[in-house]
Amino acid sequence: MTLEVPQGQVISYDLRKLCSALGVDDPTRVVVETDDSRRALVTIYPANPLAVMPPPSPDDMLMDRHGRIVVGRYHNGRPARRRLFDPSTGSAQRALVFGTTGAGKSRVVQYVLACEKRNRIVSWFADLKGGQSAPEAAGQVDWHATTQEEAILMLRAAVAIAEERQRRYKALGRNAFLIGQPDPLISVRIDEANRLLERGSPYREEATRLIKELGRTGRSVGVGVELDAQASHLEELGGSDTLRAMLKEGEVTLLRWSSSMMRQLVGDGLLPADAQLMPIPKTLRPHTLVSQFDPAAEDEDDAPGTQGTAYLLSGPHPTSMMRHFRIGSIAPTPGLDPEILALYGPGEPARLEDASRDAAGAAYAARNDPAAMEKLCAELRDETEKEAKAVPPLANGKRKPSSRLEDRVLAALAAFEGPSTADEVLAAVSEDGGKAVRLGSVRNALGALADQELVVREGHGLYALP
Ligand SMILES: Nc1ncnc2c1ncn2[C@@H]1O[C@H](COP(=O)(O)OP(=O)(O)O)[C@@H](O)[C@H]1O
Ligand SMILES: [Mg+2]
């Protein structure tokens, strides 16, 4: 059914009233899509169209000429695709997979990791639940990290590689990344990224800065980044507007959300205020009334779940409900899931190119050596603890700038009447009688201050917050 409201009005609907009007008891049989304007398409299915999903086929897992894989199906049976790479611009992707606990984030992660392996993409994967979220990934990716410290070392290495590639490509006179010529696409993915980025995490500031840096420099040199998170608010994903804006522009997958998340998603601008997404129910149990005299009431826990059901917000059909393929067994397996292992296929995963190994550094070299890795992680822990002790928190819970340059930048900003640019800040800092500095260092200091929410950016102007 196609519906349209008169010009000058915007279409909106109430699913329960609509189902009542249509005489449909099971709301999961009715799918409504709107164009965010005057029109809506209402489809009534004989049964929930996404109740049963097949596993992916090998063809689904291979990138098409637009760099896309098939991740599942829309409610109307059409393939739902996600981009791993953009060959038309040579861009690596940034991605965000969002949803409440149990919505299916880690299965999506495993599927994409398996696809990356098959497409010879180098996967670096941090599983911040200690490796428990996607245990099958161990050995199937180039780097498998299981702690926050290792994730930080991984991000540092990825940023260093992106810089190294920039230098190398510049020397070659190249302006775009060509996949596999000579270097492979690299994809850095953090599952449960909220643990690293939420308030109170010891690595929040550094992780935010590194991910932002990677999003900026990595894109054009073939280093992509994905965060998977159960955050209820984008604010929990690092203290940086720039980072959040960058993620919103990437490939965004929204799995089942909790009711408290919805308002936040709209507030964060991840969903337009008037966009109506049909909520994803937790199970497909029809809501039936059961009398106390009914002898054979159904066991509610037997109802099939909706895991993997999602919206691909950055795709061509953001308001079309889709469901990811069935990835692995629904019931827990006693050991590694053989179905998931089979998705990865045989053979070794793609590895980082030799030319970038020096840039990747000691952590990359130690990635398969638990003792050496633990030593590096312990160093990072000590370093971070020392820094945290050295800078007492301010009364408002924020930390004071930790280096002198940050203090100087803050003082320079505070002296300006209106907004100023990084160049003006550099000029002011250069005249304060302190050590000479470069624009790059000023920019870094500004970035760190913005992450601590001591400096805000508005358009091209910078302000210090009191
Ligand atoms: N695509 C899927 N195919 C099959 N089962 C799934 C799928 N997604 C989720 N599940 C089921 O739901 C459970 C929770 O999924 P998981 O990916 O661990 O959720 P999250 O990471 O969002 O907490 C899995 O253990 C599995 O039983
Ligand atoms: Mg998970």
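**Entry 1: the three-stranded sheet**

Two strands count as paired if DSSP finds at least two bridges between them. With that criterion in hand I turned to this predicted model and looked up a sheet of three strands, which is open, runs in the order β1-β3-β2 and is antiparallel in its pairing. I noted that β1 (2-4) and β2 (30-34) each have a single partner strand and stand at the edges, so one side of each is left without a neighbour in the sheet. From one strand to the next I find a twist that averages 20°.

I then followed the pairing of β2 with β3 (residues 39-44), which is antiparallel and extends over five bridges. Within this pair I located Val 32, which stands opposite Val 42 in β3. As a reminder to myself, strands of a sheet pair through backbone hydrogen bonds, in either a parallel or an antiparallel manner. Looking for what covers these strands, I found helix α1 (residues 15-22), which lies across β2 and β3 and runs at about 125° to β2.

**Entry 2: helix α13**

Next I checked the length of helix α13, which covers residues 439-451. Its 13 residues, at 1.5 Å a residue, should span 18 Å, and because the end C-alpha atoms are 18 Å apart I record that the two values agree.

I went on to ask which residues of α13 are buried, taking under 20% relative accessible area as the cut-off. They are Val 442, then Ala 445, Leu 446, Gly 447, Ala 448, Leu 449, Ala 450 and Asp 451. For the partners of these buried residues I list the helices α5 (204-218), α11 (404-415) and α12 (422-430), together with the strands β16 (455-458) and β17 (461-464). Just after α13 I also noted Glu 453, which takes a positive phi of about 60°.

**Entry 3: the whole chain**

Stepping back, I counted 13 helices and 17 strands in the protein.

Buried residues make up 49% of the 466 residues. Among contacts with a separation of 6 or more, I find that 66% are between residues 24 or more positions apart. Finally, I noted an accessible surface of about 22,900 Å², with 52% of it belonging to carbon and sulfur atoms.

Definitions and conventions
Residues numbered from 1 in each chain as written. Chains lettered and ligands numbered in written order. Predicted model: local features only at pLDDT ≥ 70, side-chain atom pairs only at ≥ 80, totals over all residues. Heavy atoms only, no water. Helix = DSSP H or I, 4+ residues; strand = E, 2+ residues; numbered from the N terminus. Expected span 1.5 Å × (residues − 1). Buried < 20%, exposed > 50% of the residue type's maximum accessible area, 1.4 Å probe, protein only. Contact = heavy atoms within 4.5 Å. Axes fitted to C-alpha atoms, helices over the stretch in contact; angles between N-to-C directions. Areas by Shrake-Rupley, 256 points an atom, 1.4 Å probe, with all protein chains shown as cover.
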